Amino acid sequence: QGDSKDFDSEQQSVCPFCGVGCQVSVKIKDGKVKSVEGINGPANEGRLCVKGRFGFDYIHHPHRLTKPLIRREDAPEKGLNVDPSNPWTHFREATWEEALDKAAHGLQDLRSYYGGQSVAGFGSAKCTNEEAYLFQKFIRQGFGHNNVDHCTRLCHASSVSALMENVGSGAVTATFNEIENADVAIVIGSNPTENHPVAATYFKQFTKRGGELIIMDPRGTAMKRHAKHMLQFRPGTDVSLLNAIMNVIVEEKLYDRQYIEGFTEGFFEFRDHIRAFTPERMSELCGIAPEVIREVARTFAGAQRAMIFWGMGVSQHIHGTDNARCLISLALLCGHVGRPGTGLHPLRGQNNVQGASDAGLIPQFMPDYQSVTDPEVRSLFRHIWKGTDLLDQPGLTVVEIMDRVYRGEIKGMYILGENPAMSDPDVEHARRALAQLDHLVVQDIFLTETANFADVILPASALPEKSGTVTNTNRQVQVARKVVDAPGEAREDWEILVALARRIGLDWDYDDPREVFDEMKMSMRSLHHITWKRLERDSAVTYPTFGPDDPGQSVVFADGFPRRAGRAKFTPARVTPPAEVPDESFPMILTTGRQLEHWHTGSMTRRATVLDAVEPEANCSLHPSTLRKLGVEPGGLVRLTTRRGAVEVMARADRAVAPDMVFLPFAYVEAAANILTNPALDPFGKIPEFKYSAVRVENPEQV
Ligand code: SF4
């Protein structure tokens with residue numbers, strides 16, 4: 001790290017990667033980021049992981065888009081065929097005026113000819129709250145429907161669905177820092193040391209002071225070294241395991257009767273339902289011994305204060321909503337909600353996925369999760385948006401939109417900072433769909449795989465190049481401050497949105513993100529008592545906050561829930577097998593996820609020098625015994641084939657992966673995990689089953 005002589009200036013901001021939302025101090029030299037240090041933010045207290053400390057230089061990568069691009073008349077057929085360092089055979093440079101006109105006219109023409117429903121939009125969880133708000137408004141106001149979504153659909157949509165249904169709010173009930181006050185914590189379907197590394201440091205501290213950590217995951221995680229119990233259950237059997245734990249709590253009357261009577265509904269139906277799920281019966285399904293199930297149930301129910309954390313191992317299943325329902329019921333049974341050291345916490349993925357969802361970048365809700373079907377809500381927004389008619393039908397979700405594109409029903413898209421050509425399940429299907437679009441506008445910082453299919457590409461700003469608010473997994477609204485200027489002619493996303501909105505006929509006159517934030521406050525109760533001035537002073541405020549000097553509520557729902565009669569609900573969950581189970585042709589289980597050094601589709605971290613040097617090559621993990629059977633040495637290639645496609649990828653030996661499983665990170669375009677994944681959806685959250693596909697693993701030399 002540099003001393004004061006090594007840099008010209010210093011700015012405080014927020015890490016652009018994961019939902020932990022670490023606050024950083026960025027040192028700048030000659031207009032570039034020289035180094036990054038953690039500062040005393042509420043979620044990190046000076047700590048950073050490798051991405052936050054060494055990952056910022058992606059913003060200076062030579063692949064950055066610095067001028068608007070328009071597809072050439074003589075370009076080759078649309079496909080995944082553009083070299084990001086040499087896009088000129090496919091695209092030509094354009095002025096902003098020309099590019100914005102072309103982008104807007106294309107969308108307007110489709111609206112005029114086919115109707116507003118022919119255009120859909122994907123916004124981004126990597127942008128600010130103000131930009132997310134503007135994006136959903138652009139689609140809703142500009143095209144008269146709710147077909148607008150973002151990557152929450154691919155990570156925690158099922159968790160939000162279950163939380164909204166049973167607790168009445170989609171956000172966490174307690175910050176992860178509350179683990180400091182807990183006696184017991186369950187971490188299920190989450191690998192925090194890789195995916196939420198700074199949060200993981202709090203979990204480790206918790207065990208050092210005697211807290212009992214219970215890990216439940218089909219894959220052994222690094223965190224298991226710190227755990228009292230490691231339940232490595234069979235993939236896809238979460239409901240069996242969780243129902244068995246709750247069966248013990250019910251049968252042994254370990255539940256908190258007073259809490260259940262005072263704060264919940266549906267207990268008696270739930271109790272009757274859960275009686276069938278005995279540990280003995282469920283053990284056969286989930287592979288965990290009945291005595292272990294009993295011990296874990298007694299430990300959790302007997303704790304004074306206990307928390308539950310979960311990740312995409314819970315949510316990315318066709319039964320993801322049922323998985324989350326079980327976790328909610330487990331916490332309610334034992335009264336582990338609403339007090340310090342208790343709570344439900346789905347660890348959110350991208351840096352601003354909580355904020356983008358709060359801002360209404362989802363098809364069924366306006367900002368602050370106000371239903372599009374509620375006439376009073378539509379009336380409120382008609383007032384704020386000055387007379388706009390709003391559709392009362394929930395819109396289509398990410399995968400549903402791509403299906404409509406594939407069928408030719410949606411003909412134009414505006415995609416801001418999302419990369420469905422990498423992130424959608426069965427991604428070859430998504431790529432074929434994108435190639436068919438009559439008009440695709442992509443706004444991004446790099447020529448992503450999705451931008452390969454664009455008609456117009458608008459060069460945008462990375463988070464360190466703009467100012468705005470972002471909201472982390474803890475419900476903490478923070479100020480992301482501009483650290484450096486965007487390169488070339490790249491603009492801030494909110495500015496581009498405003499320019500495009502005016503061109504499609506919307507009466508938008510924002511001159512600053514602060515004006516957008518003020519408009520958001522008109523409809524979002526979560527922002528009561530939060531002002532831009534206050535955020536600049538305090539750098540973070542946890543919502544809800546009950547006054548200008550209240551730092552915000554780390555724990556919510558002490559006095560009841562934002563549901564009918566203030567009561568949370570028990571919703572019974574049944575065992576549903578994965579959509580596709582192993583058979584003779586595809587005998588193993590594929591699961592996908594992230595790695596410590598790489599972020600999502602890799603567009604940022606694979607262009608960060610240190611991160612790419614540490615983890616430069618596509619890889620998968622297999623148990624050593626599986627590799628031996630295949631006759632493949634660690635470091636050799638394997639071929640992975642599912643019903644949707646095949647990839648060849650370097651294999652690592654990893655005892656944490658069960659012998660019948662393969663783990664494949666999804667950041668690598670050269671072995672794109674989503675060529676293989678199953679697009680089957682959870683019926684409630686509409687999230688795809690990324691965590692479970694039937695796969696055949698082969699030695700390519702023997703095929
Ligand atoms: Fe950034 Fe997340 Fe790492 Fe913190 S834990 S430095 S927010 S990637």
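This is a predicted model: local features need pLDDT of at least 70, side-chain atom pairs count only at pLDDT 80 or more; totals for chains, interfaces and linings use all residues.

Residues are numbered from 1 along each chain as its sequence is written, and side-chain values use heavy atoms, with hydrogens and water left out.

Staying with Ala540: is this residue buried or exposed? At 17% relative accessibility, Ala540 counts as buried. Buried means under 20% relative accessible area, exposed means over 50%, and partly exposed is in between, with a 1.4 Å probe and protein chains only. Contact means heavy atoms within 4.5 Å. Leaving aside neighbours within four places in sequence, Ala540 is in contact with Gln23, Pro42, Val477, Gln478 and Leu535. As for Ala182, it is 358 residues from Ala540 along the chain, and the two C-alpha atoms are separated by 24 Å.

Strand β21 covers 540-542 and β22 covers 568-569, and Pro544 sits in the loop between them. The peptide bond joining Tyr543 and Pro544 is cis, with omega about -5 degrees. Phe557 lies in that loop between β21 and β22 too. Its phi is near 75 degrees, a positive value in a residue other than glycine. Phe557 is buried, at a relative accessible area of 15%.

Lys386 also has a positive phi, near 60 degrees, and is likewise not a glycine. Lys386 is in the loop between α16 (375-384) and α17 (398-406). With 67% relative accessibility, Lys386 counts as exposed.

Now to strand β27. How many of its five residues are buried? Five of the five, residues 661-665, so β27 is largely enclosed by the rest of the structure. In a regular strand the side chains alternate between the two faces of the sheet. Met661, Phe663 and Pro665 point one way from β27, Val662 and Leu664 point the other way, and all are buried.

Which strands pair with β27? Two strands pair if DSSP finds at least two bridges between them. Strand β23 (residues 588-593) pairs with β27 in the parallel sense over five bridges, and Thr592 stands opposite Leu664. Strand β24 (residues 619-622) pairs with β27 in the antiparallel sense over two bridges; there, Ser621 has Phe663 as its bridge partner.

Finally, the whole chain. The protein chain has 24 helices and 30 strands. Its radius of gyration is 24 Å, close to the 27 Å that the globule rule gives for 703 residues, so the chain is as compact as a globular protein of that length. That radius is taken over C-alpha atoms, and the rule is 2.2 Å times the number of residues to the power 0.38. Along its principal axes the C-alpha trace spans about 70 × 65 × 60 Å. Of the 703 residues, 66% count as buried. Among contacts with a separation of 6 or more, 74% are between residues 24 or more positions apart.

That is the end of the tour; questions are welcome.

Methods: Helices (H or I, at least four residues) and strands (E, at least two) are DSSP runs, numbered from the N terminus.
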